[in-house]
Amino acid sequence: MQEILMEARDLCAYYTTEMYGISREVKAIDGVTMNLYRNEIYGVAGESSCGKTTLIKVLSGTIKPPLKINHGTMQYHFKKGDMDMVGVSEEDMQSKVRWKEISYVMQGSMSVLNPVRKIVKTFEDIIKTHEGITDKKAFIDRVTEHVKKVGLPPDILNEYPHELSGGMRQRVAIALATVFQPSLIIADEPTTALDVVVQRGVLQLLKEIQAASGNTVLLVTHDMAVHANVADRVGIMYAGRLAEEGTTETIFRNPAHPYTKHLISSLPVIGEKAAKTSLEGTPPNLANAPEGCRFHPRCPYYAKNAAKMERCKTEVPVMKDYGNGHRIACHFCEEGGIV
Ligand code: SF4
């Protein structure tokens with residue numbers, strides 16, 4: 001039985017803007033129900049503007065206007081007790097959650113590293129803010145030990161960010177994110193800016209740290225190959241909703257939702273000569289998303305069976321568990337069409 005770290009139920013987070021007296025609501029996250037377990041790497045996949053970034057903001061409690069949680073619950077079971085993260089105060093976020101329980105590895109490591117401060121100073125800033133430093137020698141010993149643990153030479157502590165390669169900087173970002181042994185590390189496209197060889201090393205490091213500490217990594221990337229190599233479970237997002245979720249093996253070997261099927265079938269296969277087909281249309285504008293299943297204007301199953309699948313246009317498909325944690329939100333699957 002896996003231990004739950006976070007349970008979100010029917011989470012809805014919208015961007016509300018007002019211009020010339022006209023209010024506009026962008027339903028970026030709309031009814032997401034999911035669990036994160038301890039000791040797993042959960043991958044979130046989906047094309048641009050599917051809501052991945054907003055999901056990160058919501059799950060990390062980084063919610064600032066015009067983004068607002070409109071509905072739902074999000075309960076964390078942290079090391080030091082449970083916390084309802086919907087409506088959590090900024091004070092609690094600062095003193096109890098950020099870095100200590102939830103930390104963040106971003107796409108461009110330069111955004112967390114101050115270009116005019118040596119790496120050791122960045123460690124000092126973070127540790128001083130969240131725990132205070134009373135003994136300078138103990139601080140240096142702790143940081144030296146920690147960077148060695150994540151496979152970095154201690155000399156890098158005396159370097160400036162620009163003196164390090166992109167891969168090294170990303171490793172430093174991972175070292176910073178793990179210095180307090182947080183329960184959850186959110187990695188947002190952590191290897192997108194790196195070449196493939198360096199990418200492999202950074203992903204391996206993330207995997208090793210996760211395995212050694214037993215914490216949870218939420219890995220967000222559009223790169224399906226990264227998910228295939230690293231994630232234990234994968235959630236596929238489309239237009240602000242989870243379309244399908246399952247073990248990585250299930251998602252890649254037996255995708256069931258028409259959108260997931262398309263994503264997987266569009267991956268290149270060595271030796272395959274046949275041309276890949278693309279989906280008709282573009283992802284919907286979330287300020288004016290289609291009723292019912294948001295995928296229906298592009299869904300090949302709906303297109304072929306429109307007469308008997310009328311509910312796709314009017315009824316939001318609910319996530320259902322088809323066994324072994326394989327959850328799918330699709331009327332066609334529900335009627336025995338695909339699974
Ligand atoms: Fe396609 Fe209908 Fe399933 Fe949506 S609910 S993915 S439109 S078959």
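I began with H3, which has 12 residues and reaches 17 Å from its first C-alpha to its last, close to the 16 Å expected at 1.5 Å a residue. The expected span here is 1.5 Å times one less than the number of residues. Helices (H or I, at least four residues) and strands (E, at least two) are DSSP runs, numbered from the N terminus.

A note on the source: this is a predicted model, where local features need pLDDT of at least 70, side-chain atom pairs count only at pLDDT 80 or more, and totals for chains, interfaces and linings use all residues. Residues are numbered from 1 along each chain as its sequence is written, and side-chain values use heavy atoms, with hydrogens and water left out.

**More on H3.** I listed its buried residues (under 20% relative accessible area, 1.4 Å probe, protein chains only): Ile119, Val120, Thr122, Phe123, Glu124, Ile126, Ile127 and His130. They pack against helix H2 (90–97), H4 and H5, with contact meaning heavy atoms within 4.5 Å. After H3 comes Gly132, with a positive phi near 85°.

**H5.** Next I checked helix H5 (residues 166–178): its 13 residues should span 18 Å at 1.5 Å a residue, and its end C-alpha atoms are 19 Å apart, which agrees. I found 10 of the 13 residues buried, so H5 is largely enclosed by the rest of the structure. Among them are Arg169, Gln170 and Leu176. The buried residues of H5 pack against strand E6 (102–105), helix H3 (119–130), helix H4 (136–149), strand E7 (184–188) and helix H6 (196–213).

**Met237.** I located Met237 in strand E9 (residues 233–238). Met237 counts as buried because its relative accessibility is 0%. Gly51 is 186 residues away from Met237 in sequence, yet their C-alpha atoms are 7.2 Å apart in space. Leaving aside neighbours within four places in sequence, Met237 has contacts that include Gly51, Lys52, Leu55 and Tyr259.

**Thr54.** I looked up Thr54 in helix H1 (residues 52–59). Thr54 is buried, at 7% relative accessible area. Beyond its neighbours within four places in sequence, Thr54 is in contact with Tyr15, Ala28, Ile29 and Leu67.

**Ligand.** Which residues surround the ligand? I noted His257, Pro258, Cys293, Phe295, His296, Cys299, Tyr302, Cys312, Cys330, His331 and Phe332, each having a heavy atom within 4 Å of it. This shell divides into eight nonpolar, three polar and no charged residues; Ala, Val, Leu, Ile, Met, Phe, Trp, Tyr, Cys and Pro count as nonpolar, Asp, Glu, Lys and Arg as charged, and the others, Gly among them, as polar.

Terms used:
Buried means under 20% relative accessible area, exposed over 50%, partly exposed in between (1.4 Å probe, protein chains only).
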